[in-house]
Amino acid sequence: MDVVIALALMVLLFAILGSGLWIGLSLMAVAYIGMELFTSRPVGDSMMLTIWSHTSSWTLTALPLFLWMGEILFRSKLTDDMFKGLAPWLESLPGRLLHTNVVGCTIFAAISGSSAATCATVGKITLPELEKRGYPEEMSVGTLAGSSTLGLLIPPSIILIVYGVAANVSIAKLFLAGVVPGLLLAALFMGYIMVWSLLNPTRIPAAGFRMSFLQKVLAARHLIPVVVLIGLVLGGIYSGVATATEAAAVGVAGALALSAIEGSLNWSRFKEGLVAACKVYCMIGLILAGAAFLTLAMGFIGLPRHVAEFIGALNLSPFVLMLMLIVFFIVLGCFLDGISMVVLTIAVLLPTVEAAGFDLIWFGIFIVLVVEMAQITPPVGFNLFVLQGLTRREVTWIARTALPLFLLMVFAVITSYFVPDLVLWLPNRA
């Protein structure tokens, strides 16, 4: 009977999602129907209490602040300056300026927290420059598609905040846990570019104007504002001086100050950034509210317990369970965005992964890594849509260019399973 109820609610959810109704409202509708039909608890009171308690969390306040910080920087000249500071140092590497995609995304991820924002911001800077210099388009687009997913992993990550709130684990420790895997992925991406360029030397344009070491150092001054802002935000969190929310507030103040100093801040851009951040947060907040209510409904119906018991009865080894979860999230990513995937599944999966012996900090990074993969898999890979808008190319073509980086992400996930200290070493020393 429980299996029938679970299947019926799942079919209903995908039917409502397919109708085009907003994800948050779809989740609430399924939760309402499920509680009304299969429980005796008053639905109205449960819905109001659950939505209020999950959307009024102080920890969650960091989310709109980090979104606002990213929007401010998106509209400033700091992102253009970032390319000027990076390019001279990357000319001597195999692959040359293709590395600006990886390094640029790594840096911007540390001040944005959003994969889509990282993709759009860095893409607007690097893609025209790489095209103008004659770099192959498939490498320019593919490396950007993969590298921009670092916005989900390298702190401050929006999706790590969402996971931390949903799973009730330390956001500061999650941020620490994301550092090494994020840098590992960046190194893998750069290694791929180097190998590809050595195998295809004729497709890489000749180096531009050679600069002396002193000239490179002088050009690097453009990176100082970004580095200072990263230091303020992440330094405050890691040192314990500030919570994630307080650090986010410092980040907004710092972004506003830097934008004002460089002359790109005016009332119009201030208002545009604030409105854009509010829109994104309202979308995320509605999804969180709907998922919280659906989680409550499933709990009263008893579905999480029965799913956990079913998976437990399969007697899967932790490694096989991890492989199944990778496939599950990649398939789910074909229909939902990353935040929806996390909030929709976490309540069901936590009992199972805890029973399997997975550390919840490690599992948070695991989820983010597989959600990263989903960002570049059609038909609903958000980064693919962003790049389609930038390049006017078909989504399937963009996905093919990103396939090698997708495979590197799979390698990183499996490596983190066998070497969990890649994730847990920093948070265990905090």
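In the predicted model, helix α4 (residues 62-74) and helix α13 (residues 244-262) pack with axes that come within 8 Å and cross at roughly 20°. Because angles under 35 degrees count as roughly parallel, α4 is described as roughly parallel to α13, and the crossing of the two helices is left-handed. On the side of α4 the contact is made by Ala62, Leu65, Phe66, Trp68, Met69, Ile72 and Leu73, and on the side of α13 by Ala244, Thr245, Ala248, Ala249, Gly251, Val252, Ala255, Leu256 and Ser259. Sorted by class, the residues of this contact between α4 and α13 comprise 13 nonpolar and three polar residues, with no charged residues.

Alanine 255 has its place in helix α13, and it is buried, with a relative accessible area of 0%. Although alanine 255 and leucine 73 are 182 residues apart in sequence, their C-alpha atoms are 6.4 Å apart in space. When neighbours within four places in sequence are left aside, alanine 255 is in contact with Met69, Ile72, Leu73 and Leu229; of these, Met69, Ile72 and Leu73 are among the residues that α4 brings to its contact with α13.

Two further helix pairs may be described in the same terms. Two packed helices are described by the angle between their axes and the distance between the axes. For α10 and α20, the axes come within 10 Å and cross at roughly 140°, and the two helices are therefore oblique to each other. The crossing of α10 and α20 is right-handed. In this pair, Leu185, Leu188, Phe189 and Tyr192 of α10 meet Pro404, Leu405, Leu408, Met409, Phe411 and Ala412 of α20, so that by class the contact of α10 with α20 has 10 nonpolar residues, no polar residues and no charged residues.

Helix α17 (residues 338-355) and helix α18 (residues 360-374) pack at an angle of about 140°, and their axes are 11 Å apart. This angle makes α17 oblique to α18, and α17 passes α18 in a right-handed crossing. From α17 the contact draws on Gly338, Met341, Val342, Ile346, Leu349, Leu350, Val353 and Glu354, and from α18 on Leu360, Phe363, Ile367, Val371 and Ala374. By class, the residues of the contact of α17 with α18 divide into 11 nonpolar, one polar and one charged.

Attention may next be given to charged side chains. A search of the whole structure finds two salt bridges. In one of them, the side chains of arginine 393 and glutamate 137 meet with an N to O distance of 3.0 Å. This pair links distant parts of the chain, since arginine 393 lies in the loop between α19 (382-391) and α20 (395-418), whereas glutamate 137 belongs to helix α8 (residues 137-147), and the two are 256 residues apart. Arginine 393 is partly exposed, with a relative accessible area of 32%, and glutamate 137 likewise counts as partly exposed, at 34% relative accessibility.

In the other salt bridge, arginine 203 is paired with glutamate 138, and the closest N and O atoms are 2.6 Å apart. This pair, too, links distant parts of the chain: arginine 203 is in the loop between α10 (171-199) and α11 (213-219), glutamate 138 is in helix α8, and 65 residues separate them. Arginine 203 is partly exposed, with a relative accessible area of 36%, while glutamate 138 counts as partly exposed at 28% relative accessibility.

The backbone was also examined for its phi angles. Most residues other than glycine have a negative phi, and most peptide bonds are trans. Arginine 96 has a positive phi of about 45° although it is not a glycine; this residue lies in the loop between α5 (78-90) and α6 (99-112). With a relative accessible area of 22%, arginine 96 is partly exposed. Asparagine 168, also a residue other than glycine, has a positive phi near 60° and is found in the loop between α9 (158-167) and α10. At 70% relative accessibility, asparagine 168 counts as exposed.

Technical notes:
Residues are numbered from 1 along each chain as its sequence is written. This is a predicted model: local features need pLDDT of at least 70, side-chain atom pairs count only at pLDDT 80 or more; totals for chains, interfaces and linings use all residues. Side-chain values use heavy atoms; hydrogens and water are left out. Axes are lines fitted to C-alpha atoms, for helices over the stretch in contact, and angles run from 0 to 180 degrees between N-to-C directions. Helices (H or I, at least four residues) and strands (E, at least two) are DSSP runs, numbered from the N terminus. Angles under 35 degrees count as roughly parallel, over 145 as roughly antiparallel, 65 to 115 as roughly perpendicular and the rest as oblique. A crossing is left-handed if the near helix is turned anticlockwise from the far one by less than a right angle, and right-handed if clockwise. Contact means heavy atoms within 4.5 Å. A salt bridge is a side-chain nitrogen of Lys or Arg within 4 Å of a carboxyl oxygen of Asp or Glu. Buried means under 20% relative accessible area, exposed over 50%, partly exposed in between (1.4 Å probe, protein chains only).
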